[in-house]
Amino acid sequence: MHLHTGTHVVSMLFGMSVNWDTIFTTWLSALIVFLIVFAATRGRAMVPSGVQNVVEMVFEFLFGQFRANVGKNYRKVSTVLLTLFMFILTANQIGLLPTEHLTASPTNDLNTTLGLAIASSLLIHFYYIKNKGFGHWIKHFFQPIAPFVFLNLIEEISKPITLAMRLFGNILAGEILLEVLNNLAPWLVPIVWIAFSLFVGVIQAYIFTTLVSVYMKESV
Amino acid sequence: MVELNGTLLIQILNFIILCAILGHYCYKPIIKILDERANRIKNDLDSAAKSRDDAAKLKESYEAQLSEAQVKANEIVSKAVKEAEVQAQAQIQAAHEAIEKEKEAATKQIERERKDALDDLKSQFAAISCDIAAKIISTNMTPDINDRLINESIAKLDAQKAGK
């Protein structure tokens, strides 16, 4: 049995190979996120309804989590955290659409998850320097004593890697299993697995965002 | 299946651009409306608390006024009762005095009538006595003698009355 999941449409761009199916679904996810959130901003009703109500409910829940994890200055990093959650949530669910391999989740590609994790890591350090200064940023690698710099560097490198691997592994495994189940038992079983994958997609988006918000605590 | 390539760089850029676009066009209006709503709810709650305090103060003031009015009403009622009692007492006193006067007047009148009757009786008694005496002694008596005898009898009767 040949599995389609995990294979990519690759072509060269500026001397680098690029997975265009991943890029396409990333843009699609980004567009969906933009449309949903943009639609929610159109009403601006004091008493919300429809999509505005749903989006505000999600945002208020996330703000509560960010406030608990990041602290009272969570608003400084809320753009990054909200975008992470909304994008990963949408990206995880896109792979579950019945489109004959046209829309695999962009998060089943390590390039996407590592890209998100590295971008988050860069932003964590950017906010650290912006809010506390370059001196403090350098100094925090040598805490509590200078030799700990090696452990701290390993930690800083391992954070994005673990974030990326967790999300990538969960989503890729879910989609591979969905394809396998679809081949083995095309009736009913995949539907149950899709329902479970929907849940996993939400949980993974929440875990990724929550961990990044915990890492951001030192930066604000 | 697992290969890092140029997609990684594009995804990093994609994410940062998406953050910038969503942050500028989408999150700001939503966060603004959330803050406005939170402020409005806070203001409403503050205003409701103030209104509740005002209402409590007003209620307290009304209760004080009500109790003051009740005290005044009680004072007015008790004053009216006292005045009525005094008036009734005065009327009773006046009635008693009127009765006493009537009684005194009646007593005087009775006394006067009794005296008149007694005087009348005395005159008649003396006249009758004289007539009887005259008939008995068959003596011719002049009217002067008759009057003198009568007056003497009356004087005797008065003296007897004074003597008792």
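**Note on the predicted model of chain A**

1. Charge. Chain A carries 12 positive and 10 negative side chains, and 20 Å separates the centres of the two sets. The model is a predicted one, and every value in this note is computed from it.

2. Secondary structure. Chain A has 7 helices and 2 strands. Along the sequence their order is β-β-α-α-α-α-α-α-α.

3. Overall dimensions. Taken along the principal axes, the box filled by the C-alpha atoms of chain A is roughly 60 × 50 × 35 Å.

4. Burial and contacts. Of the 220 residues in chain A, 46% are buried. Counting contacts in chain A between residues at least 6 apart in sequence, 68% link residues at least 24 apart.

5. Surface. Chain A has an accessible surface of about 11100 Å². Carbon and sulfur atoms account for 73% of that surface.

6. A nonpolar patch. Which residues make the nonpolar surface patch of about 530 Å²? They are A:W187, A:L188, A:I191 and A:V192. One of these residues, A:W187, sits in the loop between α6 (149–184) and α7 (189–216).

7. Is A:W187 buried or exposed? Its relative accessibility is 74%, so A:W187 counts as exposed, the cut-off for that label being over 50%.

How values were computed. Residues numbered from 1 in each chain as written. Chains lettered and ligands numbered in written order. Predicted model: local features only at pLDDT ≥ 70, side-chain atom pairs only at ≥ 80, totals over all residues. Heavy atoms only, no water. Helix = DSSP H or I, 4+ residues; strand = E, 2+ residues; numbered from the N terminus. Buried < 20%, exposed > 50% of the residue type's maximum accessible area, 1.4 Å probe, protein only. Contact = heavy atoms within 4.5 Å. Areas by Shrake-Rupley, 256 points an atom, 1.4 Å probe, with all protein chains shown as cover. Lys, Arg positive; Asp, Glu negative; His and termini not counted. Charge placed at Lys NZ, Arg CZ, Asp CG, Glu CD. Patch = residues over 30% accessible without salt bridge, like charges linked within 9 Å, V, L, I, M, F, W, Y side chains within 5 Å. Salt bridge = Lys/Arg side-chain N within 4 Å of Asp/Glu carboxyl O.
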